[in-house]
Amino acid sequence: MKQIEFIIEQDLEEGGFIAESLTNENEHIITQADTEENLIEQIHSALECHFENPDDVPRIIILKYKTE
């Protein structure tokens, strides 16, 4: 996999932001953070944890923001 997409939305209940991958079930990843800047760091960290082989980590990360 060369790229992965995430939908980003605000967590209205607890504050902050939630990112959830939009790929197939094998790559379902979800993470959260208080700020958008920290969310991007959390996404990178989640990808490194999810993929055992560093060569499998997607090099392109697409962020799509959900609007109300």
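Strand S1 (residues 3-10) and strand S4 run parallel and are joined by six bridges. Helices and strands here are DSSP runs numbered from the N terminus, with at least four residues (H or I) for a helix and at least two (E) for a strand. Two strands pair when DSSP finds at least two bridges between them. In this pairing, Phe-6 sits opposite Leu-63 in S4.

A quick word on the model: it is predicted, so to speak of local features takes a pLDDT of at least 70, side-chain atom pairs count only at pLDDT 80 or more, and totals for chains, interfaces and linings use all residues. Residues are numbered from 1 along each chain as its sequence is written, and side-chain values use heavy atoms, with hydrogens and water left out.

Now the whole sheet. It's an open one of four strands, ordered S3-S2-S1-S4, with mixed pairing. Strand S3 (30-33) and strand S4 (60-65) are the edge strands, each pairing on one side only. On average, neighbouring strands are turned by 25° against each other, direction ignored. Helix H1 packs on this sheet, touching S1, strand S2 (17-21), S3 and S4, and its direction makes about 150° with that of S3. For those angles, axes are lines fitted to C-alpha atoms (for helices, over the stretch in contact), and values run from 0 to 180 degrees between N-to-C directions. Contact means heavy atoms within 4.5 Å.

What does Ile-43 contact, leaving aside its neighbours within four places in sequence? The list is Phe-6, Ile-8, Ala-19, Thr-31, Ile-61 and Leu-63. Ile-43 belongs to helix H1 (residues 36-50), and counts as buried because its relative accessibility is 2%. The cut-offs are under 20% relative accessible area for buried, over 50% for exposed, and partly exposed in between (1.4 Å probe, protein chains only). Ile-43 and Thr-31 are twelve residues apart along the chain, with their C-alpha atoms separated by 6.6 Å.

On to charges. There are two salt bridges, each being a side-chain nitrogen of Lys or Arg within 4 Å of a carboxyl oxygen of Asp or Glu.

| Salt bridge | N to O distance |
|---|---|
| Glu-5 with Lys-64 | 2.8 Å |
| Lys-66 with Glu-9 | 3.8 Å |

Glu-5 lies in strand S1 and Lys-64 in strand S4, so that pair ties together parts 59 residues apart in sequence. Glu-5 is partly exposed at 22%, as is Lys-64 at 39%. In the other pair, Lys-66 lies in the segment after S4 and Glu-9 in strand S1, so parts 57 residues apart in sequence are tied together. Lys-66 is partly exposed at 46%, and Glu-9 is partly exposed at 27%.
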